[in-house]
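Here are a few friendly notes to read alongside the model. Take them one at a time, and keep the structure open as you go.

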Amino acid sequence: MKSTQKTLPAAEELRRQAEQIIASQLAETQATSCNLSDKRELHEIQVCKIELEMQNDELSRSMEELREHEEHLVKIIKNNPAGYFHLDPTGRFLEVNDTWLRMYGYDNANEVIGKHFKEMQVDSELKSTLKHMAELLKGVSVPIGEYSARRKDGSIAYHTFSAFPVVHANNVLGLEWFIVDTTERKLAEMERMLNESRMTSLIDIAQYIYTNEQEFFDHALEEVIKFTSSKIGYIYFYSEQKQQFTLNSWSTEVMKECSVMEQQTIYDLDSTGIWGEAVRQRKPILLNDFQADNPLKKGIPEGHVTLKRFLTVPIIIEGVIVAVVGVANKESDYEDSETKHLIVFMDAVWKIAAHKRDDAEKLQLLTELHQAQKMESVGRLAGGVAHDFNNMLSVILGYSEMALMHITPDHPMNNYFMEIKNAANRSAAITRQLLAFARKQTIAPEVIKLNETISEMLKMLQRLIGENLELTWKQGVNLWPVMMDSSQVDQLMVNLCVNARDAITDVGKIIIETENCSIDKNYCKVYPYALPGDYVKIVVSDNGNGMDKETLTQIFEPFFTTKGLGVGTGLGLSTVYGIVKQNKGFINVDSEHGTGTTFTLYLPRYEGKLRWPGLVRQPEQKNKQFTDIVVVVGFRQPLSVY
């Protein structure tokens, strides 16, 4: 620590003050009988005495100020939130403050004073610390750095520091260090690195090559035991329908330690104790003192492995518990982070196993995903282009209307402006199809009866397809209502019938049917794009040319068409796709080249209250975005595309 001194008065000033005092005293003692020489000596002695007394007083005041200043500095260092320690040039402790003692777990400074810093140093940090000390001994400060050292209990503390040499007369008398504890931040960073390591383990398990599923799960269990630092573990498959556990994998250590003669492999949920709580509570169960009393326990069979610490988590796939995985007997307590990693790890393991069961299904799912991404991208593009194009069309229509208002029907320019107006209207119709495909069309959903809505269109549809085609209408009985914009039904029927008409070369027939339909979980297992529930089917079939497999995979893509140049826009089926998607439904397409095509539209049943007759129109929902659904087409055996 450094101190300051108050500058003493100059010697001449002290001498002058002392002589003034003596002169005053001599003036009062004029009657003395001393000779002149004696008077001079006495005068000098008295002057020196007073001068010394004044110097002593001044020194006393300076020393008191210095002491108070040093006490103030000691208080600052002692109570500083940063740790402080003072080393001699050899590296031994001379002084530490209370903050430093708390950081390192010592009760008092006497436990540390005289020790060499190397006794606390972490081996990996010794080289860098010696480098910093060499700089300090040269009189160079170290403004900031990082280091770690061992606490009294052996644990490691991490700090940032600033260090300064104590220099006097060009000699380094000691080294002062100020440190800030960064242990919590450092440990968090180390935890992050550990997380990355565990994620690497996930990648490894995903790439693991096995000959059968049992081998795969056994390997996955061993990986779980390894990264949780456990001793034993298990995997039980679980059936929510039967409420029953079936043993799949036990760790090898369990088999070594367990001496139960008749090992049970199937357990009913009701018969399980605390380990079954992962299913009953649908959440992880963590016990770092398994031996403690717990009302949820139902006892352990004689010869069972002794459990000290225990962690089990449910594996939940799409809301269904399919298995539980448990680990036990880690040397230290289980942490919440391990619970999260265990859930993520086993979730990935389960999905990998499921995909490996059917390579063909995996390839199909990848194809569907790529198609969905492509369709979504095209949908965004189509929606953006349509909006911009619609704005420009509004300007064209507006100016053409204004021009027509200022000219007479027999004006030479009238026909030109009418053609501009008609072309803009036709372009606006194309724009509406684009918006329907992109699910950004303004709609007004209402509860409707599909039979009535389609019946009202039959005459118009017949004129649309021509007299050489037979149109058959088969309406379902007691058809459920649906919630959608009736104009969208018009668009669906027009586009599907026109598509069927164009697929028929000469004469033929088109059949429109409606029917109630309930989709169950078994159907969804076969067709994973579907969702369970009640639907109303609209089936439009024709006996036209049909489509091959390659064409089927592209029919819903915008601007794709098999028609000749200048015939059609390629937006008809894209519009159908967008409308069904917007209304939370899905489509099946069954076709074969030369035998015709059948489109089956599934629209969700309306479950709300009905007010017949007279439907109440729902509030208009502009540009509403619905959850994506899957449109699937097939080549007799339906092929899925998104």
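**A strand and its surroundings**

1. Strand E16 (residues 533–542) is largely enclosed by the rest of the structure, because eight of its 10 residues are buried. Buried means under 20% relative accessible area, exposed over 50%, and partly exposed in between (1.4 Å probe, protein chains only). Strands (E, at least two residues) and helices (H or I, at least four) are DSSP runs, numbered from the N terminus.

2. A word on the source: this is a predicted model, where local features need pLDDT of at least 70, side-chain atom pairs count only at pLDDT 80 or more, and totals for chains, interfaces and linings use all residues. Residues are numbered from 1 along each chain as its sequence is written, and side-chain values use heavy atoms, leaving out hydrogens and water.

3. Which strands pair with E16? Strand E15 (residues 508–519) runs antiparallel to E16, joined by 10 bridges, and cysteine 517 stands opposite tyrosine 535 in E16. Strand E18 (residues 596–604) also pairs with E16 in the antiparallel sense, over eight bridges; there, phenylalanine 599 is the bridge partner of valine 540. Two strands pair if DSSP finds at least two bridges between them.

4. Now look at the largest nonpolar core: of its 39 residues, Leu450, Met493, Ile512, Phe599 and Leu601 touch the most other members. Helix H14 (residues 486–503) gives the most to this core, with six residues. Such a core is a set of buried Ala, Val, Leu, Ile, Met, Phe, Trp, Tyr and Cys residues joined through side-chain atoms within 4.5 Å.
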